[in-house]
Amino acid sequence: MSLIHCDTLTKRYGSAVALESLNLELDSGAPIALIGPNGAGKTTLMSLICGFIQPSSGQLSILGHAPGSHELSGRLAALPQDALLDPRLSVGRQLRFYARLQGLDKQQARAEILRVLETVDLRDSIDTKPTDLSHGMRKRVAIAQSLIGSPTVVLLDEPTAGIDPPNAKMIRDLVKEQSANTTFIVSSHNLDELERLCGSVIYLEKGRLVSFGAVSDDNHDHDVLTLRAPSVPADVFMPLCQQLAHVLRVGKTSQGDYLIETDNEMQASIALLQLLADNGWRYRQLSRGKTLEERLYGNA
Amino acid sequence: MKLIVIAQDEVLRLFSTKRGLLSIVGFCLIWLAVLIYGVMPAAQFFGGLAESGLAELLLPEFGSSGLQHWPASELSVYWVASLYLLPFLAIMTAADQTASDRARGTLRYLVLRCGRLEIFFGRYIGQLLILFMVVLVTLFSVLVIVAMNSAENLSAAIASSPVIIVNLMLVLAPYIALMALVSVLASTARQATLYAMVIWLVVSFLVSYLKSVFPDVSLLNWALPGSQISELRSLSDWQTLSLAPIPIVHTVVLLVVGAAIMRQRDL
């Protein structure tokens, strides 16, 4: 049984089409990235999956059930964009209520919220009201609510947006740790983050599915190297690199990375590293294939 | 099961928030003032009028026959006063059943765990329980006064209490249902109250107009929630239940409409 199945799924707001005839089949496993520019339909798709909004047409099933079904209670969780906890009630009280709604008795609910708050390193905030927490801590509490009952699938809508680097790293680490048992679908504008976290990527644009596939596409990336070496002088490096054996073409991306096309990626890598060593140039990263950003938006 | 958890949470929410606790303290103070300066002297006053027969003459609009039928004059005053006061309290306390949770996005956390209708009806039942407790507490306080003023009437007054409780809950049910409906449409408690007032005025004008066009359709007299109160105040004991179908129909209609909107509305 597939995790999520969309069949010609469409959502319209009046005359505006937010999502158009989306066909998609997602299976459980490594985290799945959901990307696209603003207005691409990412939040609409997540809201449809969670049952917050109704589709205009088409079919959608999650773990074989319609969105909003009782069967999904405790199996599907989410961190919805801009959703806030009640500022008047303590974090622990609200999470306990959610746990009780998922069918846990009072003792189980207490133990479970201690577990999820421990997971996000906020056990001490159990009696704190959300308004007394920082933005990053509130986000972590919201993630903790999504982990109650160890759900099968968790949707995270821009989990690190507006978050400071330490909190963002903690959230990324948490997704990595939990992804052994839970499939995460993560929407974000931070492509570097998604590239490191996710195994596959859904790319939406103007409500349409542009592509869906693995983050590292071995079929297309076998002949390209990406070198990140900001301190290397480009005017000297590029002509020398071009002369290396097995190097076909050298280009530079808008991000300052070097994109090196080869006919033998292994041999070219060795020659490239030798060139860098001979000239005393330090590099930050050498990777096979293009970055996710370059694959989606690059022209090189 | 989830319905009970939600209803329980709705009641506990009242005692867990500063606003809820302030409302309780405020209501207790107001009720104390009503008891001391309203129920006690009014009971003596109306008791005297009823005994002398002046009540029928002076206060026909007040439903004086009802005053005579309750076993203690304090209970009579409580009956009439609560018929008018408690609906206002219901409108105020039940205004935020789902409104601010929707505006804040908290409702999204809930619908991932339970059905929209469970939230709608769970919150409604929670508000019913809150007002049930209010009725119990206020009635108990009046019984204490009966015990102090005329202990010989206490057992009869206690025997009449179930009638009063059932009737007051029947009166309050459609008001809470109305607030459940407008709370689905509004984004704050204040907005919900405003919507309730607008709906009230529009339906009132509509009913007045229809009554002028169709003067023989007596059903129009019962179109508004609470329209039976003026009849109810002159009744006592179990005869009061003769008007029960009116608030029951109001409640069912309002809840059905509210639930339908709740099911369809985007979160």
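What follows is a chat about a predicted model with chains A and B.

Biologist: Before I get attached to this one, what are the ipTM and pTM scores?

Modeller: This is a predicted model, and it scores ipTM 0.83 and pTM 0.84.

Biologist: And what does the pLDDT of chain B average?

Modeller: Chain B averages 86, and 91% of its residues score at least 70.

Biologist: OK, over to chain A. Which domains does the assignment give?

Modeller: Domain 1 covers 4–214 of chain A and domain 2 covers 218–297.

Biologist: What distance separates their centres?

Modeller: Taken over C-alpha atoms, the centres of domain 1 and domain 2 of chain A are 37 Å from each other.

Biologist: Let's do sheets. What's the strand order in the six-stranded one?

Modeller: In chain A the order is β5-β6-β7-β3-β8-β9, an open sheet with mixed pairing. The edges are β5 (76–79) and β9 (208–214) of chain A, each pairing on one side only. From one strand to the next, the twist averages 15°.

Biologist: Which strands does helix α4 of chain A lie across?

Modeller: Helix α4 (residues 135–147) of chain A lies across β5 and β6 of chain A, and it runs at about 175° to β5(A).

Biologist: There's an open sheet of three strands too. What's the order there?

Modeller: That sheet goes β2-β1-β4 in chain A, and its pairing is antiparallel. Its edge strands are β2 (16–26) and β4 (57–62) of chain A. The twist in this sheet averages 25° from one strand to the next.

Biologist: How many bridges join β1 to β4 in chain A?

Modeller: Five bridges join β1 (residues 4–13) of chain A to β4(A), with the two running antiparallel. Cys6(A) has Leu60(A) as its bridge partner in β4(A).

Biologist: And which helix lies across β1, β2 and β4 of chain A?

Modeller: That's α1 (residues 42–50) of chain A, running at about 115° to β1(A).

Biologist: Last topic, the chain contact. How many residues does it take from chain A and chain B?

Modeller: It takes 26 residues from chain A and 19 residues from chain B. On the chain A side, β5 and α2 (91–101) of chain A each supply at least two residues. The largest share of that side comes from α2(A), with five residues.

Biologist: How does the chain A side divide into nonpolar, polar and charged?

Modeller: The side of chain A that touches chain B has 14 nonpolar residues, seven polar and five charged.

Technical notes: Residues are numbered from 1 along each chain as its sequence is written. Chains are lettered from A and ligands numbered from 1 in the order in which they are written. This is a predicted model: local features need pLDDT of at least 70, side-chain atom pairs count only at pLDDT 80 or more; totals for chains, interfaces and linings use all residues. Two strands pair if DSSP finds at least two bridges between them. Helices (H or I, at least four residues) and strands (E, at least two) are DSSP runs, numbered from the N terminus. Axes are lines fitted to C-alpha atoms, for helices over the stretch in contact, and angles run from 0 to 180 degrees between N-to-C directions. Two residues are in contact if their C-beta atoms, placed from the backbone, lie within 7 Å. Domain bounds come from an automatic or database domain assignment. Ala, Val, Leu, Ile, Met, Phe, Trp, Tyr, Cys and Pro count as nonpolar, Asp, Glu, Lys and Arg as charged, and the others, Gly among them, as polar. pLDDT is the predictor's confidence in each residue, from 0 to 100.
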